[in-house]
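Here is a short report on a protein structure.

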Number of protein chains: 2
Amino acid sequence: MFRTHTNGELTLKNLNEKVTLSGWVQTIRDKGFMIWIDLRDRYGITQLVLDEERSSKELLESAKKLGREFVIKVEGTVIERTSKNPKIPTGDIEILVENLTILNESQLPPFTIEDETDGGEELRMKYRYLDIRRNPVKDKLIFRHKMAQKVRNYLSEEGFIEVETPVLIKSTPEGARDFVVPSRMNPGQFYALPQSPQTFKQLLMVGGMDRYFQIVKCFRDEDLRADRQPEFTQIDCEMAFVEQEDIMNVFEGMTKTLLKDITGRDFEDFPRMTFADAMQKYGNDKPDIRFGMEFVELNELVKGKDFKIFDDAELVVGINVEGIADYTRKQIDELIDWVKRPQIGATGMVWIKFQNDGVVTSSVNKFYSEEDLKKITEEFGAKAGDLIFVMSGNADKVRTQLSALRMELGNRLGLRKGNEFAPLWVVDFPLLEFDEESGRYHAMHHPFTSPKTEDFSLLETDPGKARANAYDLVLNGNEIGGGSIRIFDKDLQSRMFDLLGFSKEEAEAQFGFLMNAFKYGAPPHGGLAFGFDRLVAILDGNEVIRDYIAFPKNNSGRDVMIDAPAPIHQEQLTELELKLDLKA
Amino acid sequence: MFRTHTNGELTLKNLNEKVTLSGWVQTIRDKGFMIWIDLRDRYGITQLVLDEERSSKELLESAKKLGREFVIKVEGTVIERTSKNPKIPTGDIEILVENLTILNESQLPPFTIEDETDGGEELRMKYRYLDIRRNPVKDKLIFRHKMAQKVRNYLSEEGFIEVETPVLIKSTPEGARDFVVPSRMNPGQFYALPQSPQTFKQLLMVGGMDRYFQIVKCFRDEDLRADRQPEFTQIDCEMAFVEQEDIMNVFEGMTKTLLKDITGRDFEDFPRMTFADAMQKYGNDKPDIRFGMEFVELNELVKGKDFKIFDDAELVVGINVEGIADYTRKQIDELIDWVKRPQIGATGMVWIKFQNDGVVTSSVNKFYSEEDLKKITEEFGAKAGDLIFVMSGNADKVRTQLSALRMELGNRLGLRKGNEFAPLWVVDFPLLEFDEESGRYHAMHHPFTSPKTEDFSLLETDPGKARANAYDLVLNGNEIGGGSIRIFDKDLQSRMFDLLGFSKEEAEAQFGFLMNAFKYGAPPHGGLAFGFDRLVAILDGNEVIRDYIAFPKNNSGRDVMIDAPAPIHQEQLTELELKLDLKA
């Protein structure tokens, strides 16, 4: 037997008990006549003690041979510590060791197995199995597990059935690139890995499954940006005989349950905002509403004062930042430089300071009198001590730029607190967005999203204006879920493929099975999918997805621990009837 | 709103309530002046009624337009039925329809949506979304979901953490063929889809995760036999600081919980049998012990009687089949032909009949006196009315052949009852098996399985005799799970790769990361994996795995519904720097 207890459970209640413990040597303090060892496992740390008085010579000798991360088993007696450690549950006791077995030795690990480690990211990824021994990493994986369990139990109680949809499916031209899998039994043909189980869940609705969910791996062969993973996990859901409101209710309930579990408190009903409002007020379809700095549009107030930049601009819009009127010129200039970086792309920024002494001044005093400026501050509801930033230009662009500044200031001023949660529904998304490059419309969500009934006629006259029965769940400035009521009428679905520029043949080849299914009594249905990696990260007060994945890939899509991808044997290629055709 | 209730919930308690229901038209009985409609959804069936007396003309007209599988919404009042249907929960009531909306029409489905359908397998697979509407299919998927939830909750309560391991990993030469995924970002390199998360779960143990599980898709690119799927689901588990007994206890507990949930009764501790015993008594390492017909070896009794076939045989062995002594010569000959089929490969079979009148006769009366035969029947414990079959030849082969006959008779005689459950642990598997073709040893489970400590020395002298710390959980003649205590010592793991014929370089290239991990304090660990598709099928009293998969593939690995795999665009190949190299 390797253990009677774990290293997290012994307390004064166990005094004088004979116990067996196993685990890793976290630290050794060897004072010659006395040795303390911190023994670690997933559950905690227990202090072991040996000394010249109470332990045999052999035992002391063998303890002296131990190194960090050795795996040992000890038998001993639970005794009370002289100097207690209130920080850990086992801090009142220690184990007087009577027997010690080395189960496995360890080389010196390439980085310290401590909460704060000296290992860099690449090194820790290469030795991920050692990284996982560290509490911050291990705890994140355990948190993820708990959230997955909560989600499954909640949805099961709500009558949802988890159905596994296939991983080996068919390549579709829409969306991101597919990973493909050559079929040996069907040479020249390929499976594709799913970007989402979208069509399968819709087919399950056609099949009468009524309420479906799945926590499922999805795949996208995209050029990886920071914190994008080629394989990621979705909570994928679909319901039949529902309207948008029904779906939002269920998943608001689910999210409240998770939030309650984490914070211990009940959440009010989530606020809702239209896409149009979100863009106007925050320049962003996933606004972080944990803090203010709402956009205020100034066209009426600032135009016609000979300030050409504002006069020429489609939109002049600003935010009021509370309590930073004491920013120095240097600090302000640094922010102006920040918005002028190519990633943001602003050409400049005007500031208006409502000084603590009540004086209002600005970088455009030449054009605006103090009275003009005061009117502007009133528009913002600003007060003494606040600082206003104003940007101008093309409406869409300037909103995006100002949104970036708002988020940056939110971060810098510590307004984006990990342990505060501000959920928000964004609704009434546009159905389509026009893609300048291809000169055609793309589906904003996907081609199965239904237009609002009242906007049907716009599909023929001004498709870009048509709104969709689509909704996103936003948490702390991140889209954690999104969904829509689907089209369930085959003619409307055909029309949609038309609008998106599919030929009849393409639509048939790619989605023929879905269109066919719709001929046999498809029910009204809709659903939602959560990005599970992101959801978990944000619920844990973090935003780095990678930390919540046991074995993540790096930005080149490589698993540096197992060194994948890798070349395969020529015989494998031959069997697949494939040849490499390398450019370089 | 589409419904106030589902079609499975209204009873006399709801009398006179105004309700809204939605669903599919299952049947329409149109008597002209009166129309009954069975409305179906996932939850049940509710009878709708309209008649000339109580319904408007328009309503009757629109009801007459309905066809099978139309999707409709009705509003109406719950009334008591005159002729009740005790077979369904809603059988006491019907809905007097006041409003009817057609939500979607349906073409006539290609097969009937009934428990007993007229659709053949291929047709039903092509229209799987319609097949799923049928109760037998839908119920299987719901059963699967419930079992998955039970498993997750049980293991979570036992302290297991579900960790998602990667799907895009690295090709390994051991085991079956891998599916591979070309990497666009790393041209000429490939990921592989996992045949199991074996190495990752071991790394999680090295990482201190202590108790891991996952219900996870795995992939094998094998030539498909009947009821093998290229993608399948495993309950994958691993534990640290455990011995074989600890693992068996946990998963016996889990299996008992599932069995209790299904049967309502508590199961005794599962019996155990060594591999050697299983082979000797049943010719099979996964014996179905719901019925007897244990093997009886007859070498001592039958040799030396001038019956050359038995005299030359390595093993003479038989089974006693109770109560079929009245089999005709024709029936017996048919069974003899059955064992001579190439799939079984026996050269013949001897029978001994213990007639109801007490006379014992046989097909080898020429060589054996009635006294000889009586002695044989005593050896079997046979009684009047029984029939004994005896086979002979090479010991391994004849056991396999006799096992096939035993199972066939079990099936034919109805002894393999789906609602009876006989779990069994098979233990002490051989570590290695010699492969004549390659002239080397293969791992019987996999290369990470540890040999029994007492058999260590055999590794050097007679490796084929070494037993492993390996165990299978067998249920009703099917292996539902298997596992082992793993090697956790890097030198022993090296030695094992040696024995299996890996060169140092191959071992390093394929498993270097695992060997490396073992240098940093690997704990003793072991685990088990269940074939979830099979487990679910057997627990549901069935053996056809495909029925429990929502969207299965056919025997050529094709999804006939979505028509995958399929050719991909030349641009996709070009991006992947690949070329087709088709033989035909």
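## Basis and terms

Helices (H or I, at least four residues) and strands (E, at least two) are DSSP runs, numbered from the N terminus. The model is predicted: local features need pLDDT of at least 70, side-chain atom pairs count only at pLDDT 80 or more, and totals for chains, interfaces and linings use all residues. Residues are numbered from 1 along each chain as its sequence is written, chains are lettered from A and ligands numbered from 1 in the order in which they are written, and side-chain values use heavy atoms, with hydrogens and water left out.

## Chain A in outline

Chain A carries 17 helices and 23 strands. Its C-alpha trace spans about 90 × 75 × 55 Å along the principal axes. Of the 584 residues in chain A, 59% are buried. Buried means under 20% relative accessible area, exposed over 50%, partly exposed in between (1.4 Å probe, protein chains only).

Contact means heavy atoms within 4.5 Å. Take the contacts in chain A between residues at least 6 apart in sequence: 65% of them join residues at least 24 apart.

His5(A) sits in the segment before β1 (18-30) of chain A. Its relative accessibility is 15%, so His5(A) counts as buried. Beyond four places in sequence, His5(A) touches Leu10(A), Asn14(A), Glu17(A), Val19(A), Thr20(A) and Leu21(A). The side chain of His5(A) also makes a polar contact with the side chain of Thr4(A), at 2.8 Å. A polar contact is a pair of N or O atoms within 3.5 Å; within protein, one must be able to donate a hydrogen and the other to accept it, and residues adjacent in sequence count only if both atoms are side-chain atoms.

Gln202(A) belongs to helix α5 (residues 198-206) of chain A. Its relative accessible area is 0%, so Gln202(A) is buried. Side chain to side chain, Gln202(A) makes a polar contact with Gln198(A) at 2.9 Å. Neighbours within four places aside, the contacts of Gln202(A) include Glu238(A), Phe448(A), Arg486(A) and His525(A).

## Helix α12 of chain B

What length should helix α12 (residues 395-412) of chain B span? At 1.5 Å a residue, its 18 residues should span 26 Å, and the end C-alpha atoms are 26 Å apart, which agrees. The expected span is 1.5 Å times one less than the number of residues. Asn394(B) caps the N-terminal end of α12(B), with a side-chain oxygen 3.1 Å from the backbone nitrogen of Asp396(B). Just after α12(B), Gly414(B) takes a positive phi of about 70°.

Buried residues of α12(B) include Ala395(B), Val398(B), Leu402(B), Leu405(B) and Leu409(B). An α-helix has 3.6 residues a turn, so residues three or four places apart point the same way. Among the elements that cover the buried residues of α12(B) are β13 (315-321), α10 (329-340) and β16 (387-393) of chain B.

## Val317 of chain B

Val317(B) lies in strand β13 of chain B. Val317(B) is buried, at a relative accessible area of 0%. Beyond four places in sequence, Val317(B) touches residues including Phe295(B), Phe389(B) and Met391(B), as well as Val398(B) and Leu402(B). Val317(B) and Leu298(B) are 19 residues apart in sequence, but 5.5 Å apart in space, C-alpha to C-alpha.

## Cavities

The structure holds 15 cavities of 30 Å³ or more. On a 1 Å grid over the protein atoms alone, a cavity is a set of points where a 1.4 Å probe fits but cannot get out, and lining residues have an atom within 4 Å of a point. Grid points are joined across faces, edges and corners, and a volume is the space filled by probe spheres set on the points.

The largest cavity has about 470 Å³ of space. Its lining has 29 residues; Ile215(A), Val216(A), Arg152(B), Ile215(B) and Val216(B) lie nearest the centre. Two or more lining residues come from each of α4 (135-157) and β9 (211-219) of chain A, and α4 (135-157) and β9 (211-219) of chain B. β9(A) gives the largest share, 5 residues. The second largest cavity has about 150 Å³ of space. It is lined by 19 residues, with Glu164(A), Arg144(B), Lys217(B), Ile549(B) and Ala550(B) nearest its centre.

Technical notes. 1 Å grid on protein atoms, 1.4 Å probe; cavity = no way out; pocket = protein on both sides within 12 Å on 5 of 7 lines; lining within 4 Å.
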